[in-house]
Amino acid sequence: MIKLIAIVLDGTLLDDRKIVSVNNQKAISECIKQNVKIAIVTGRPLIGIEKVLKKYSFYKELIVASNSGSYIEDLYTNSSISKSTLEIDDYIKIRSLIKEKEITITAYTEDSIFTIDEKPNNEAILDSKILKLNIKPFERLKQSVNQEISRINIMGSKEYLDKVLPYLLSKFNNKYKVIRNEYFSIEILNREVGKDKAIEKIIEYLNIAKKEVMTIGDGMNDIEMIKEYGIGVAMENSSDYVKSKCDFITLSNNNDGVSYAIKKLLN
């Protein structure tokens, strides 16, 4: 019996207009009525989640793993489940080892994006638009009271990141978790962070088993959670590689894929 559904936000629950369809809203609300917990597992910071989900009636019933699981909160009880972050020194160290001018390295907090680079590249600007967060000078983070960094992203062209990923894995993988989260982005996280690890912490919090979890995602950084738990669902808009790792392929994010998967697999 499924007791928890962990759902990715962009490319999964949200359609391309960044809206939760009426059918997806109904499916989530029905799950909550049936005491099935809903967790949103996303690379977005909490403020970015609020901007797209707070208007829906189910919002305050959710468990939210923001910034790829750096922060996990139960919105219903207004309590923190887990926090695993990076420090300013981590950002400075990574930036010192990657000096290419076409690369922008960003640091994400729960409400802002920071960079030491004077002119963020197009990839960093694209990400800031997706999240609806402004990019701020890194000095402002150094001057702030809360200096916790949720994640660090290396932004650049697909061709460059294809080349640099093996180097980053060899250099950093013992200390950090390194993930290719988008074609234009490599994500560097605390070793205890990741969507799969976030779900692990949530099921411990809820005292349920792995087999009682359904996961729904679309991206390369969703593969571990899709493979690891009871029923792994990939969206139709996922790559063929992601689809090869799942138990079930649902409809696309523009065609109520979350609702379709819930109806097919839970009823």
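1. Valine 233 has phenylalanine 248 of S14 as its bridge partner. Strands S13 (residues 231-234) and S14 pair in the parallel sense over two bridges; two strands count as paired if DSSP finds at least two bridges between them. Strands (E, at least two residues) and helices (H or I, at least four) are DSSP runs, numbered from the N terminus.

2. A word on the basis: this is a predicted model, where local features need pLDDT of at least 70 and side-chain atom pairs count only at pLDDT 80 or more, while totals for chains, interfaces and linings use all residues. Residues are numbered from 1 along each chain as its sequence is written, and side-chain values use heavy atoms, leaving out hydrogens and water.

3. The open sheet has eight strands in the order S5-S4-S3-S2-S1-S12-S13-S14, with mixed pairing. Its edge strands, S5 (79-83) and S14 (248-249), each pair on one side only.

4. The largest nonpolar core has 30 residues, and Ile5, Ile7, Leu9, Leu13, Leu53, Leu62 and Ile216 touch the most other members. Such a core is a set of buried Ala, Val, Leu, Ile, Met, Phe, Trp, Tyr and Cys residues joined through side-chain atoms within 4.5 Å, buried meaning under 20% relative accessible area (1.4 Å probe, protein chains only). H2 gives this core its largest share, four residues. A second, separate core of 24 residues includes Ile88, Leu141, Tyr160 and Val178.

5. Do look at helix H7 (residues 195-206) too: among its buried residues are Ile199, Ile202 and Ile203. Asparagine 207 follows H7 and has a positive phi, near 60°.

How values were computed
Buried < 20%, exposed > 50% of the residue type's maximum accessible area, 1.4 Å probe, protein only.
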